[in-house]
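Here is a short briefing on one protein chain. Look at the structure first, then read the points below.

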Amino acid sequence: MHLTILNESDYRARNLKYKEDIAYVTKHSKWILKSIGIWPIILKDVAKFLPKIVIGISNFVLLFAIIPCILYIILEEKNNLIKLKLFGLLMFCSIALMKHWALAYRKPKIKNCIEQIQNDWEQVKLYEDREMMLKYGQVGRNLTIICAVFMYTGGIIYHTILQYEIGTFIDEYNHTIKPVIYPTYSGLFNVQKSPIYELIYVLHCTCGYVMYSITAGACGLAALFVTHACGQIDIVIARLNDLVHAKYGKGKFNLNARLIKIVEHHLQILRFSATVQVILQEVCFLEFIGSIFLICLLEYYCITDWELKNTIGLTTYIILLISLTFNIFILCYIGELLMEKSSSIGLSCFMIDWYHLPVKTIQGLILIIAISNSPTKISAGGIVDLSLFTFANILKTSFVYLNFIRAAIM
């Protein structure tokens, strides 16, 4: 989408670009989340049930892959190495399903946050505010794009090229065995029989799309919400920096009125951030737990395929490893960004020429500083705060488990 930047005088005279700005920052997250029924949309008549139908179909294809795979691992597969590889796949599917449940459950709150974002964009009156919001909006947009590219690329390779590399073969009973993406327990149905094979292959591909969309969509939603909050915090900081000189709203508001506006805006950001924390806590917890084990397993798959000189398998697992690592990195990075930004409001209160202000106004600033001493955080289920330190611990823990697996298998 092409963004036309209004000059300052035109933007002060009218605010006509907010719809285009909203579409610009939300476009990719909207595409992904609409495809799995999570993005709130207003539909009428029979069409209003469409998101629920999409959620139902998504759950069906995920369960269709998970349940037969569990039965296959328990009842049929005897090779421990193959079981370990299938366990990683099964774990990724199961975590994706639970994340989808969490997002569907939090859909009303997601709708409230999106409406708040739209309202904030609509109420932008200053050219400088739009520039600050666009700066962070572009960061969120870019993070969503990168995450989606990695996830879908790894998924496409896994569901197509890797299966083609396995190829059709003849078993010891002289039966032609065609590859399936997710192994299926033979006691349920004969997966090798046509057209059952073709139908299952389509369902498995659909399952893959849903899984990668859930992962990329959750990450994109977190990036969208947190970067928007950071943009709003920058606007509050700009108002604080200008509190003494009264550049903003000059001639319209007295000093107390400007401080009231700042406090109201700050409280609005805190409420928005608290809602975002509620929305993301289950998703981040599942991502946190899943990343520790899945990164560990993917590292092990890379080692084994390297030893077996399986180039296609190695390439696939490396891309998936990068994707999952980058995904948890984004969540930890935006958690760190939100903590730093929410803390910076207190520092800005101290750095302005507060000694020129009346005593009552200074007392108001002290309260803002006190609130900023407890920065807003994104936590994994209220247990672990997501930050770059947490990301480093996830990588360390995954290496510990990797050494344990290698010792146990070897």
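Helix α8 (residues 255-307) supplies the largest share of a nonpolar patch, namely three residues. The model is predicted: local features need pLDDT of at least 70, side-chain atom pairs count only at pLDDT 80 or more, and totals for chains, interfaces and linings use all residues. Residues are numbered from 1 along each chain as its sequence is written, and side-chain values use heavy atoms, with hydrogens and water left out.

**The nonpolar patch**
- The patch on the surface consists of F285, I289, F293, I383 and Y401, and together they have about 420 Å² of accessible area.
- Accessible areas come from the Shrake-Rupley method with a 1.4 Å probe, and for residues only the protein chains shown count as cover.
- F293 lies in helix α8 and counts as partly exposed because its relative accessibility is 31%.
- Buried means under 20% relative accessible area, exposed over 50%, and partly exposed in between (1.4 Å probe, protein chains only).

**G382**
- G382 sits in the loop between β3 (379-380) and β4 (384-385).
- Its relative accessibility is 57%, so G382 counts as exposed.
- Q281 is 101 residues from G382 in sequence, but their C-alpha atoms are 6.7 Å apart in space.

**The whole chain**
- The protein chain has eleven helices and four strands; these are DSSP runs numbered from the N terminus (helices: H or I, at least four residues; strands: E, at least two).
- Of its 410 residues, 51% are buried.

Terms used. Patches are made of residues with over 30% relative accessible area and no salt bridge: like charges are joined within 9 Å, nonpolar side chains (Val, Leu, Ile, Met, Phe, Trp, Tyr) within 5 Å. A salt bridge is a side-chain nitrogen of Lys or Arg within 4 Å of a carboxyl oxygen of Asp or Glu.
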